[in-house]
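Dear colleague,

Please find below the structure that I am handing over to you.

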Amino acid sequence: MLLLRVQRSLVSPGKRAYHDMITLPSTHKPVVSHGPPGYSAVSGHIVTVFGCTGFLGRYLVSKLAKMGTQVIIPYRDEDEARTFKPMGDLGQIVRMEWDIRSDEQVAECVRHSDVVYNLVGRDYETKNFDFQSVHVAGAERIASVAARCGVSQLVHVSHLNASLASPSKFYETKALGEERVKAAFPTATIIRPGTMYGFEDRFLNSIATSPWWWKLNHSKTQIRPVHVLDVAQTLADLMTTPQVSRTFNLPGPSTLTYEYLLDLVSAVTVRSFHSYAPEIPRGIATAIAKVAQSAWWPIISPDEVTRRYLNDSDVPGDWNELGITPSEIEPLALKYLRRYRSTDSYTSPVAFPARTAS
Ligand SMILES: NC(=O)c1ccc[n+]([C@@H]2O[C@H](COP(=O)([O-])OP(=O)(O)OC[C@H]3O[C@@H](n4cnc5c(N)ncnc54)[C@H](OP(=O)(O)O)[C@@H]3O)[C@@H](O)[C@H]2O)c1
(Lines give C-alpha, C1' and ligand atoms only; values in the text may rest on other atoms or scores of the structure.)
Protein backbone atom coordinates (compact mmCIF):
# COMPACT_ATOMS: atom_id res chain seq x y z
CA MET A 1 0.00 0.00 0.00
CA LEU A 2 2.77 2.36 1.01
CA LEU A 3 4.66 1.51 -2.17
CA LEU A 4 1.58 2.30 -4.29
CA ARG A 5 1.17 5.67 -2.54
CA VAL A 6 4.85 6.53 -3.10
CA GLN A 7 4.64 5.49 -6.72
CA ARG A 8 1.47 7.56 -7.32
CA SER A 9 3.11 10.63 -5.86
CA LEU A 10 6.04 10.18 -8.24
CA VAL A 11 3.98 10.39 -11.41
CA SER A 12 2.38 13.68 -12.45
CA PRO A 13 -1.34 14.08 -11.65
CA GLY A 14 -3.70 12.59 -14.26
CA LYS A 15 -1.01 10.25 -15.61
CA ARG A 16 -1.39 6.52 -15.32
CA ALA A 17 0.62 5.05 -12.45
CA TYR A 18 3.23 2.34 -13.07
CA HIS A 19 0.88 -0.40 -11.91
CA ASP A 20 -1.44 0.67 -14.77
CA MET A 21 1.22 -0.11 -17.38
CA ILE A 22 -0.40 -3.38 -18.28
CA THR A 23 1.13 -3.84 -21.75
CA LEU A 24 4.79 -3.85 -22.76
CA PRO A 25 5.70 -0.48 -24.33
CA SER A 26 7.40 -1.87 -27.46
CA THR A 27 5.32 -4.93 -28.38
CA HIS A 28 1.99 -3.85 -26.84
CA LYS A 29 1.69 -7.41 -25.42
CA PRO A 30 -0.15 -7.69 -22.07
CA VAL A 31 2.09 -8.30 -19.07
CA VAL A 32 -0.42 -10.60 -17.38
CA SER A 33 -2.91 -12.73 -19.29
CA HIS A 34 -4.19 -16.19 -18.54
CA GLY A 35 -6.83 -18.75 -19.39
CA PRO A 36 -8.11 -19.91 -22.80
CA PRO A 37 -9.73 -17.07 -24.77
CA GLY A 38 -13.25 -16.54 -23.43
CA TYR A 39 -15.60 -15.01 -20.91
CA SER A 40 -13.62 -16.11 -17.84
CA ALA A 41 -10.12 -15.56 -19.25
CA VAL A 42 -7.94 -12.50 -18.63
CA SER A 43 -6.83 -10.86 -21.89
CA GLY A 44 -4.62 -8.51 -19.90
CA HIS A 45 -6.06 -5.39 -21.51
CA ILE A 46 -8.16 -2.69 -19.91
CA VAL A 47 -10.24 -0.84 -22.47
CA THR A 48 -12.50 2.22 -22.31
CA VAL A 49 -15.34 2.44 -24.83
CA PHE A 50 -16.82 5.96 -25.08
CA GLY A 51 -20.18 5.74 -26.87
CA CYS A 52 -20.63 2.19 -25.59
CA THR A 53 -24.38 2.66 -25.09
CA GLY A 54 -24.99 3.16 -28.82
CA PHE A 55 -25.80 0.70 -31.60
CA LEU A 56 -22.18 -0.19 -32.45
CA GLY A 57 -20.88 0.23 -28.88
CA ARG A 58 -23.04 -2.52 -27.40
CA TYR A 59 -21.69 -5.08 -29.90
CA LEU A 60 -18.12 -3.94 -29.35
CA VAL A 61 -18.34 -4.19 -25.55
CA SER A 62 -19.87 -7.64 -25.84
CA LYS A 63 -17.03 -8.81 -28.09
CA LEU A 64 -14.30 -7.32 -25.91
CA ALA A 65 -15.77 -8.70 -22.67
CA LYS A 66 -16.10 -12.16 -24.26
CA MET A 67 -12.34 -12.07 -24.86
CA GLY A 68 -11.75 -11.61 -21.12
CA THR A 69 -11.04 -7.88 -21.34
CA GLN A 70 -11.91 -5.49 -18.56
CA VAL A 71 -14.11 -2.83 -20.16
CA ILE A 72 -14.74 0.62 -18.71
CA ILE A 73 -18.15 1.80 -19.89
CA PRO A 74 -18.74 5.54 -19.55
CA TYR A 75 -22.51 6.12 -19.47
CA ARG A 76 -25.03 8.93 -19.08
CA ASP A 77 -28.22 6.97 -18.47
CA GLU A 78 -28.28 4.38 -15.67
CA ASP A 79 -30.80 2.20 -17.55
CA GLU A 80 -28.57 2.05 -20.64
CA ALA A 81 -25.58 0.95 -18.55
CA ARG A 82 -27.48 -1.83 -16.80
CA THR A 83 -27.71 -3.96 -19.95
CA PHE A 84 -23.93 -4.45 -20.01
CA LYS A 85 -23.67 -6.34 -16.73
CA PRO A 86 -24.12 -9.89 -18.08
CA MET A 87 -21.74 -9.26 -21.01
CA GLY A 88 -18.63 -9.87 -18.90
CA ASP A 89 -17.45 -12.00 -16.00
CA LEU A 90 -17.60 -10.62 -12.46
CA GLY A 91 -15.71 -7.32 -12.24
CA GLN A 92 -14.98 -7.13 -15.97
CA ILE A 93 -17.56 -4.47 -16.79
CA VAL A 94 -16.84 -1.26 -14.92
CA ARG A 95 -19.49 1.47 -15.18
CA MET A 96 -18.51 5.12 -14.84
CA GLU A 97 -20.89 8.06 -15.19
CA TRP A 98 -19.41 10.77 -17.42
CA ASP A 99 -19.98 14.10 -19.09
CA ILE A 100 -18.27 14.72 -22.43
CA ARG A 101 -17.58 18.34 -21.32
CA SER A 102 -15.52 17.35 -18.28
CA ASP A 103 -11.76 16.77 -18.59
CA GLU A 104 -11.68 15.25 -15.10
CA GLN A 105 -14.39 12.69 -15.82
CA VAL A 106 -12.83 11.70 -19.15
CA ALA A 107 -9.49 11.29 -17.33
CA GLU A 108 -11.13 9.11 -14.66
CA CYS A 109 -12.54 6.88 -17.42
CA VAL A 110 -9.20 6.38 -19.22
CA ARG A 111 -6.79 6.43 -16.31
CA HIS A 112 -6.31 2.65 -16.06
CA SER A 113 -6.83 1.76 -19.73
CA ASP A 114 -4.29 0.85 -22.38
CA VAL A 115 -6.78 1.08 -25.26
CA VAL A 116 -9.47 3.74 -25.71
CA TYR A 117 -12.25 3.63 -28.31
CA ASN A 118 -14.25 6.74 -29.16
CA LEU A 119 -17.59 5.81 -30.72
CA VAL A 120 -19.40 8.95 -29.61
CA GLY A 121 -21.52 10.49 -32.34
CA ARG A 122 -25.00 11.83 -32.94
CA ASP A 123 -27.04 11.96 -36.16
CA TYR A 124 -28.92 15.07 -35.05
CA GLU A 125 -28.33 18.15 -32.90
CA THR A 126 -30.05 18.67 -29.56
CA LYS A 127 -30.55 21.80 -27.46
CA ASN A 128 -27.53 20.87 -25.32
CA PHE A 129 -25.20 19.37 -27.91
CA ASP A 130 -24.63 20.48 -31.48
CA PHE A 131 -22.51 18.49 -33.98
CA GLN A 132 -19.49 20.63 -33.18
CA SER A 133 -19.57 19.93 -29.44
CA VAL A 134 -19.90 16.15 -29.91
CA HIS A 135 -17.84 15.39 -33.03
CA VAL A 136 -15.14 18.06 -32.69
CA ALA A 137 -14.77 19.37 -29.13
CA GLY A 138 -15.74 16.03 -27.55
CA ALA A 139 -13.46 13.99 -29.81
CA GLU A 140 -10.57 16.39 -29.22
CA ARG A 141 -11.08 16.23 -25.45
CA ILE A 142 -11.02 12.42 -25.40
CA ALA A 143 -7.90 12.33 -27.60
CA SER A 144 -5.97 14.95 -25.66
CA VAL A 145 -6.87 13.53 -22.25
CA ALA A 146 -5.95 10.02 -23.45
CA ALA A 147 -2.59 11.33 -24.70
CA ARG A 148 -1.97 13.16 -21.43
CA CYS A 149 -2.81 10.08 -19.37
CA GLY A 150 -0.37 7.91 -21.35
CA VAL A 151 -2.93 5.67 -23.09
CA SER A 152 -1.03 3.65 -25.68
CA GLN A 153 -3.77 3.14 -28.29
CA LEU A 154 -6.70 5.30 -29.42
CA VAL A 155 -9.27 4.15 -31.96
CA HIS A 156 -11.58 6.91 -33.19
CA VAL A 157 -14.74 6.10 -35.16
CA SER A 158 -15.65 8.65 -37.82
CA HIS A 159 -17.79 8.22 -40.97
CA LEU A 160 -17.08 7.03 -44.52
CA ASN A 161 -18.36 10.36 -45.87
CA ALA A 162 -16.44 12.62 -43.47
CA SER A 163 -15.32 15.60 -45.53
CA LEU A 164 -14.54 19.23 -44.82
CA ALA A 165 -16.24 20.16 -48.08
CA SER A 166 -19.49 18.30 -47.39
CA PRO A 167 -22.76 20.28 -47.41
CA SER A 168 -23.81 18.15 -44.42
CA LYS A 169 -22.78 19.57 -41.03
CA PHE A 170 -22.64 16.01 -39.69
CA TYR A 171 -20.04 14.90 -42.25
CA GLU A 172 -18.14 18.17 -42.02
CA THR A 173 -17.80 18.00 -38.22
CA LYS A 174 -16.80 14.34 -38.43
CA ALA A 175 -13.90 15.38 -40.71
CA LEU A 176 -12.97 18.27 -38.41
CA GLY A 177 -13.05 15.87 -35.47
CA GLU A 178 -10.61 13.53 -37.25
CA GLU A 179 -8.17 16.43 -37.72
CA ARG A 180 -8.36 17.44 -34.06
CA VAL A 181 -7.93 13.84 -32.92
CA LYS A 182 -4.85 13.40 -35.12
CA ALA A 183 -3.37 16.64 -33.78
CA ALA A 184 -3.96 15.65 -30.14
CA PHE A 185 -3.07 11.95 -30.50
CA PRO A 186 -0.90 11.58 -33.64
CA THR A 187 -0.83 7.76 -33.57
CA ALA A 188 -4.63 7.39 -33.39
CA THR A 189 -6.36 4.90 -35.69
CA ILE A 190 -9.35 6.39 -37.51
CA ILE A 191 -12.14 4.05 -38.60
CA ARG A 192 -14.66 5.24 -41.21
CA PRO A 193 -17.63 2.88 -41.55
CA GLY A 194 -20.46 3.31 -44.03
CA THR A 195 -24.11 3.24 -42.91
CA MET A 196 -24.46 0.29 -40.56
CA TYR A 197 -27.34 -2.19 -40.38
CA GLY A 198 -28.28 -4.72 -37.73
CA PHE A 199 -31.10 -5.49 -35.27
CA GLU A 200 -31.56 -2.04 -33.73
CA ASP A 201 -30.34 0.03 -36.67
CA ARG A 202 -31.79 3.33 -37.82
CA PHE A 203 -31.54 2.19 -41.41
CA LEU A 204 -33.42 -1.02 -42.38
CA ASN A 205 -35.88 -0.44 -39.54
CA SER A 206 -36.46 3.11 -40.72
CA ILE A 207 -36.97 1.99 -44.33
CA ALA A 208 -39.55 -0.53 -43.08
CA THR A 209 -41.44 1.99 -40.96
CA SER A 210 -40.95 5.37 -42.71
CA PRO A 211 -40.31 4.61 -46.41
CA TRP A 212 -41.16 8.17 -47.52
CA TRP A 213 -37.90 9.48 -45.98
CA TRP A 214 -35.99 7.08 -48.25
CA LYS A 215 -37.79 8.20 -51.39
CA LEU A 216 -36.09 11.60 -51.33
CA ASN A 217 -33.95 12.28 -54.42
CA HIS A 218 -36.31 9.91 -56.31
CA SER A 219 -34.57 7.06 -54.37
CA LYS A 220 -31.54 7.47 -56.64
CA THR A 221 -28.95 8.14 -53.90
CA GLN A 222 -26.29 5.43 -53.76
CA ILE A 223 -24.96 4.08 -50.48
CA ARG A 224 -22.64 1.29 -49.30
CA PRO A 225 -24.28 -0.29 -46.24
CA VAL A 226 -22.10 -2.35 -43.91
CA HIS A 227 -22.99 -4.98 -41.30
CA VAL A 228 -22.56 -3.66 -37.75
CA LEU A 229 -20.98 -6.94 -36.57
CA ASP A 230 -18.24 -6.68 -39.22
CA VAL A 231 -17.34 -3.21 -37.94
CA ALA A 232 -17.53 -4.32 -34.28
CA GLN A 233 -15.24 -7.30 -35.03
CA THR A 234 -12.73 -5.04 -36.78
CA LEU A 235 -12.67 -2.72 -33.77
CA ALA A 236 -12.31 -5.61 -31.32
CA ASP A 237 -9.40 -7.08 -33.35
CA LEU A 238 -7.56 -3.75 -33.19
CA MET A 239 -7.16 -4.24 -29.43
CA THR A 240 -4.63 -7.00 -29.97
CA THR A 241 -2.76 -5.45 -32.92
CA PRO A 242 -0.07 -2.82 -32.46
CA GLN A 243 -1.25 0.78 -32.91
CA VAL A 244 -1.57 1.63 -36.62
CA SER A 245 -1.64 5.34 -37.13
CA ARG A 246 -3.79 5.58 -40.23
CA THR A 247 -7.36 5.82 -41.52
CA PHE A 248 -9.33 2.72 -42.52
CA ASN A 249 -12.39 3.04 -44.74
CA LEU A 250 -15.03 0.39 -44.05
CA PRO A 251 -17.79 0.60 -46.68
CA GLY A 252 -20.09 -2.33 -47.35
CA PRO A 253 -19.16 -4.65 -50.24
CA SER A 254 -21.82 -3.24 -52.64
CA THR A 255 -23.09 0.14 -53.72
CA LEU A 256 -26.90 0.16 -53.69
CA THR A 257 -29.57 2.74 -54.45
CA TYR A 258 -32.35 3.60 -52.01
CA GLU A 259 -34.69 2.35 -54.71
CA TYR A 260 -33.14 -1.12 -54.52
CA LEU A 261 -33.15 -1.04 -50.72
CA LEU A 262 -36.85 -0.09 -50.64
CA ASP A 263 -37.55 -3.04 -52.97
CA LEU A 264 -35.39 -5.33 -50.83
CA VAL A 265 -37.18 -4.38 -47.59
CA SER A 266 -40.50 -4.75 -49.35
CA ALA A 267 -39.56 -8.24 -50.64
CA VAL A 268 -38.22 -9.40 -47.29
CA THR A 269 -41.15 -8.11 -45.25
CA VAL A 270 -43.64 -9.29 -47.93
CA ARG A 271 -45.33 -5.86 -47.90
CA SER A 272 -45.60 -3.48 -50.81
CA PHE A 273 -45.85 -0.55 -48.38
CA HIS A 274 -43.40 1.74 -50.11
CA SER A 275 -45.28 1.91 -53.39
CA TYR A 276 -47.99 3.92 -51.54
CA ALA A 277 -45.50 6.20 -49.76
CA PRO A 278 -45.49 9.74 -51.21
CA GLU A 279 -42.42 11.28 -52.85
CA ILE A 280 -41.74 14.46 -50.91
CA PRO A 281 -39.95 17.38 -52.65
CA ARG A 282 -36.73 18.49 -50.95
CA GLY A 283 -38.04 21.91 -49.85
CA ILE A 284 -41.07 20.39 -48.15
CA ALA A 285 -38.97 17.63 -46.53
CA THR A 286 -36.58 20.24 -45.12
CA ALA A 287 -39.49 22.34 -43.83
CA ILE A 288 -41.04 19.26 -42.14
CA ALA A 289 -37.65 18.35 -40.64
CA LYS A 290 -37.29 21.90 -39.26
CA VAL A 291 -40.72 21.75 -37.65
CA ALA A 292 -39.90 18.25 -36.31
CA GLN A 293 -37.06 19.80 -34.30
CA SER A 294 -39.61 21.14 -31.82
CA ALA A 295 -40.58 17.60 -30.81
CA TRP A 296 -38.56 16.25 -27.89
CA TRP A 297 -37.90 12.89 -29.54
CA PRO A 298 -35.77 12.51 -32.69
CA ILE A 299 -37.78 12.35 -35.93
CA ILE A 300 -35.65 13.64 -38.80
CA SER A 301 -33.34 16.64 -38.87
CA PRO A 302 -32.72 19.06 -41.77
CA ASP A 303 -29.14 17.73 -41.94
CA GLU A 304 -30.45 14.18 -42.40
CA VAL A 305 -32.53 15.44 -45.34
CA THR A 306 -29.33 16.88 -46.85
CA ARG A 307 -27.55 13.55 -46.33
CA ARG A 308 -30.31 11.66 -48.15
CA TYR A 309 -29.20 13.50 -51.33
CA LEU A 310 -25.50 12.61 -50.97
CA ASN A 311 -23.99 9.47 -52.50
CA ASP A 312 -21.55 7.57 -50.31
CA SER A 313 -17.87 8.21 -50.95
CA ASP A 314 -16.47 5.76 -53.52
CA VAL A 315 -13.10 5.26 -51.78
CA PRO A 316 -11.91 1.64 -51.80
CA GLY A 317 -12.48 -0.37 -48.62
CA ASP A 318 -9.56 -1.43 -46.42
CA TRP A 319 -11.06 -4.74 -45.29
CA ASN A 320 -8.25 -6.89 -46.73
CA GLU A 321 -5.69 -5.24 -44.49
CA LEU A 322 -7.87 -5.96 -41.49
CA GLY A 323 -8.51 -9.60 -42.39
CA ILE A 324 -12.31 -9.37 -42.52
CA THR A 325 -14.66 -10.04 -45.44
CA PRO A 326 -17.69 -7.73 -45.22
CA SER A 327 -21.10 -9.40 -45.51
CA GLU A 328 -23.65 -8.72 -48.25
CA ILE A 329 -26.94 -7.29 -47.03
CA GLU A 330 -29.39 -9.74 -48.67
CA PRO A 331 -28.73 -12.89 -46.57
CA LEU A 332 -28.92 -10.84 -43.36
CA ALA A 333 -31.93 -8.68 -44.23
CA LEU A 334 -34.41 -11.46 -43.43
CA LYS A 335 -32.89 -11.96 -39.97
CA TYR A 336 -33.33 -8.29 -39.12
CA LEU A 337 -36.62 -7.62 -40.87
CA ARG A 338 -38.69 -10.77 -40.36
CA ARG A 339 -40.43 -9.09 -37.41
CA TYR A 340 -42.24 -6.79 -39.89
CA ARG A 341 -43.92 -9.73 -41.62
CA SER A 342 -47.51 -10.67 -40.88
CA THR A 343 -48.29 -14.06 -39.30
CA ASP A 344 -49.49 -15.36 -42.68
CA SER A 345 -46.24 -14.57 -44.46
CA TYR A 346 -43.87 -15.21 -41.55
CA THR A 347 -42.24 -18.25 -43.14
CA SER A 348 -42.70 -17.37 -46.84
CA PRO A 349 -39.58 -17.61 -49.03
CA VAL A 350 -37.98 -14.36 -50.24
CA ALA A 351 -37.62 -13.41 -53.90
CA PHE A 352 -34.82 -10.83 -53.87
CA PRO A 353 -35.19 -7.94 -56.34
CA ALA A 354 -32.67 -7.48 -59.17
CA ARG A 355 -29.79 -5.19 -58.23
CA THR A 356 -29.95 -1.68 -59.66
CA ALA A 357 -26.33 -0.72 -58.87
CA SER A 358 -23.25 -2.67 -57.82
N1 LIG B 1 -24.92 4.10 -37.30
C2 LIG B 1 -24.33 4.27 -38.48
O3 LIG B 1 -24.88 3.91 -39.53
C4 LIG B 1 -22.96 4.91 -38.55
C5 LIG B 1 -22.28 4.93 -39.78
C6 LIG B 1 -20.99 5.46 -39.83
C7 LIG B 1 -20.41 5.98 -38.68
N8 LIG B 1 -21.10 5.97 -37.51
C9 LIG B 1 -20.44 6.50 -36.32
O10 LIG B 1 -20.13 5.40 -35.49
C11 LIG B 1 -20.24 5.79 -34.12
C12 LIG B 1 -21.22 4.86 -33.43
O13 LIG B 1 -22.44 4.88 -34.13
P14 LIG B 1 -23.79 4.36 -33.48
O15 LIG B 1 -24.74 4.06 -34.57
O16 LIG B 1 -23.48 3.31 -32.46
O17 LIG B 1 -24.29 5.69 -32.73
P18 LIG B 1 -25.47 5.82 -31.67
O19 LIG B 1 -26.27 4.58 -31.60
O20 LIG B 1 -26.19 7.09 -31.97
O21 LIG B 1 -24.69 5.98 -30.29
C22 LIG B 1 -23.93 7.10 -30.08
C23 LIG B 1 -23.20 7.00 -28.76
O24 LIG B 1 -22.63 8.28 -28.53
C25 LIG B 1 -23.05 8.75 -27.27
N26 LIG B 1 -23.27 10.19 -27.29
C27 LIG B 1 -23.90 10.92 -28.22
N28 LIG B 1 -23.92 12.21 -27.86
C29 LIG B 1 -23.29 12.28 -26.66
C30 LIG B 1 -22.99 13.32 -25.77
N31 LIG B 1 -23.35 14.59 -26.02
N32 LIG B 1 -22.33 13.04 -24.62
C33 LIG B 1 -21.98 11.76 -24.35
N34 LIG B 1 -22.23 10.72 -25.14
C35 LIG B 1 -22.88 10.97 -26.30
C36 LIG B 1 -24.37 8.05 -26.99
O37 LIG B 1 -24.57 8.04 -25.59
P38 LIG B 1 -26.06 8.02 -24.95
O39 LIG B 1 -26.54 6.61 -25.08
O40 LIG B 1 -25.83 8.43 -23.56
O41 LIG B 1 -26.88 9.00 -25.76
C42 LIG B 1 -24.10 6.67 -27.58
O43 LIG B 1 -23.39 5.89 -26.67
C44 LIG B 1 -20.69 7.24 -34.13
O45 LIG B 1 -19.57 8.06 -34.02
C46 LIG B 1 -21.32 7.40 -35.49
O47 LIG B 1 -21.27 8.73 -35.94
C48 LIG B 1 -22.35 5.44 -37.40
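In what follows, helices are DSSP runs of H or I with at least four residues, and strands are DSSP runs of E with at least two. Please note that this is a predicted model.

By that definition, the chain over residues 47-158 is 39% helix and 21% strand, and the end C-alpha atoms of this stretch are 19 Å apart. An unreviewed UniProt entry places the feature "domain: NAD-dependent epimerase/dehydratase" at residues 47-158.

The ligand has 22 residues around it, of which T53, G54, F55, L56 and G121 come nearest. By class, this shell holds 11 nonpolar, seven polar and four charged residues. Helix α2 (residues 55-66) supplies the largest share of the shell, namely three residues.

Helix α2 also deserves a description of its own. Its 12 residues, at 1.5 Å a residue, should span 16 Å, and the end C-alpha atoms are 18 Å apart, which agrees. The buried residues of α2 are L56, G57, R58, Y59, L60, V61, L64 and A65. They pack against several elements, including β1 (46-50), β2 (70-75), β3 (93-97) and α8 (228-238). Just after α2, G68 takes a positive phi of about 85°.

Let me turn to strand β5 (residues 153-157). Five of its five residues are buried, so β5 is largely enclosed by the rest of the structure. Q153, V155 and V157 cover one side, while L154 and H156 lie on the other. Strand β5 pairs with β4 in the parallel sense over four bridges, and V115 stands opposite Q153 in β5.

Yours sincerely

Notes:
Residues are numbered from 1 along each chain as its sequence is written. This is a predicted model: local features need pLDDT of at least 70, side-chain atom pairs count only at pLDDT 80 or more; totals for chains, interfaces and linings use all residues. A residue is near a molecule or strand if its C-beta atom, placed from the backbone, lies within 6 Å of it. Ala, Val, Leu, Ile, Met, Phe, Trp, Tyr, Cys and Pro count as nonpolar, Asp, Glu, Lys and Arg as charged, and the others, Gly among them, as polar. UniProt positions are given in the numbering used here, feature names are shortened, and annotations may be inferred rather than shown by experiment. The expected span of a helix is 1.5 Å times one less than its number of residues. A residue is buried if 20 or more other C-beta atoms lie within 10 Å of its own, exposed if 12 or fewer, and partly exposed in between; C-beta atoms are placed from the backbone. Two residues are in contact if their C-beta atoms, placed from the backbone, lie within 7 Å. Two strands pair if DSSP finds at least two bridges between them.
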